[in-house]
Amino acid sequence: MLKREAIYIWYYFSVQFEQIFSYWVIGMAIGSFVSVFCKDKIHNMFASMQGKKLSLFGIIPACLLGIASPLCMYGTIPIAASFSEKGMRDDWLASFMMASILLNPQLIIYSSALGHVALIVRVLSCFFCGIAAGLLIHFFYNGKNFFDFTGFHEVSNHDTDPNIILRYIKNFGRNVKATGLWFLLGILLSALFQRYVPSESFAKLFGHKNGFGVLMAATIGVPLYVCGGGTIPILQQWLADGMSMASASAFMITGPATKITNLGALKIILGAKRFMLYLIFIIFFSLVNGLIVNLFLP
């Protein structure tokens with residue numbers, strides 16, 4: 001009995017591994033390329049915005065540069081702290097950091113495994129979430145400090161090997177180490193879902209065109225999300241089992257936004273009151289975003 005179940009699970013695991021492995025490798029390759037060769041240029045572009053009279057419209061390029069940045073939140077906050085010390089506006093920083101939390105070049109490649117519709121929904125949802133964060137800070141905290149970067153200093157750069165090829169290979173190796181286990185765990189969880197969770201039941205819960213499925217997806221995004229690459233196999237299977245794109249979009253917002261390591265860093269720079277406002281914003285935005293997606297993708 002156990003042997004037969006193991007064979008079934010291995011079958012589901014191997015099929016999905018073959019489907020998604022290439023996206024994982026290409027995502028790491030591009031992510032490492034951006035990190036080694038483009039990271040400083042992206043951050044210098046953001047820093048150069050300070051001398052331009054963009055006013056509120058600066059949140060748009062700030063959001064786009066946040067998406068392009070390959071750093072995790074613990075790498076982004078020290079960068080944002082250095083920008084803040086030089087007088088960077090909090091609304092621009094909010095857009096940059098919010099977008100950086102939700103998306104990066106590597107995750108964009110991973111998400112293409114979900115299909116072009118899901119990829120477009122993810123990119124647009126994350127972009128508008130970053131814009132919304134900047135707008136809220138601008139209108140409700142104008143003239144006030146929203147962030148407290150006390151104690152944060154720019155982290156040391158690991159990409160320092162004088163040999164450019166070795167620099168890239170080392171970065172790629174760190175990427176494999178950081179995401180490999182979660183990637184395999186995500187595929188295993190997906191295989192278990194395929195074997196033991198009836199697709200009809202799942203479709204009834206998350207496939208209906210109503211707010212409840214979106215709310216449920218937003219809620220499970222909080223405890224389930226650990227690594228972007230690890231959740232792609234799960235989302236791929238959920239969408240195949242009947243999950244609506246609206247529910248998937250809610251999960252793709254709350255997941256990375258409430259990832260435990262991200263929350264730990266944000267709690268430090270926000271304080272208790274503004275941290276609660278952040279959580280309320282994320283849940284509210286994911287619900288509204290999901291309902292809007294439902295309107296366009298029935």
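**The core**

I began with the largest nonpolar core, which has 81 residues, and looked for the members that touch the most others: they are Phe46, Met97, Met98, Phe147, Phe149 and Tyr278. I then checked where this core comes from, and its largest share, 11 residues, is supplied by helix 12 (residues 260-296). I kept in mind that this is a predicted model.

**Around Phe147**

I picked Phe147 from that list and looked up what it touches. Leaving aside residues up to four places away in sequence, its contacts are Asp90, Leu93, Ala94, Met97, Ile269, Leu270 and Arg274.

**Helix 4 and helix 12**

Next I asked at what angle helix 4 and helix 12 cross. Their axes come within 14 Å and cross at roughly 95°. Angles of 65 to 115 degrees count as roughly perpendicular, so that is how I noted this pair. On the helix 4 side, the contact is made by Met97, Met98 and Ile101; helix 12 brings Asn262, Leu266, Ile269, Tyr278, Phe281 and Ile282.

**Two buried helices**

Is helix 4 enclosed or open? I found 13 of its 13 residues buried, so helix 4 is largely enclosed by the rest of the structure. Helix 11 (residues 245-257) gave me 13 buried residues of 13, so it too is largely enclosed. I also checked its length: helix 11 reaches 18 Å from first C-alpha to last, close to the 18 Å expected.

**Confidence**

Last, I looked at pLDDT: the protein chain averages 84, and 89% of the residues score at least 70. A reminder to myself: where pLDDT is low, the predicted coordinates should not be read in detail.

Terms used
Residues are numbered from 1 along each chain as its sequence is written. This is a predicted model: local features need pLDDT of at least 70, side-chain atom pairs count only at pLDDT 80 or more; totals for chains, interfaces and linings use all residues. Side-chain values use heavy atoms; hydrogens and water are left out. Buried means under 20% relative accessible area, exposed over 50%, partly exposed in between (1.4 Å probe, protein chains only). Helices (H or I, at least four residues) and strands (E, at least two) are DSSP runs, numbered from the N terminus. The expected span of a helix is 1.5 Å times one less than its number of residues. pLDDT is the predictor's confidence in each residue, from 0 to 100. A nonpolar core is a set of buried Ala, Val, Leu, Ile, Met, Phe, Trp, Tyr and Cys residues joined through side-chain atoms within 4.5 Å. Contact means heavy atoms within 4.5 Å. Axes are lines fitted to C-alpha atoms, for helices over the stretch in contact, and angles run from 0 to 180 degrees between N-to-C directions. Angles under 35 degrees count as roughly parallel, over 145 as roughly antiparallel, 65 to 115 as roughly perpendicular and the rest as oblique.
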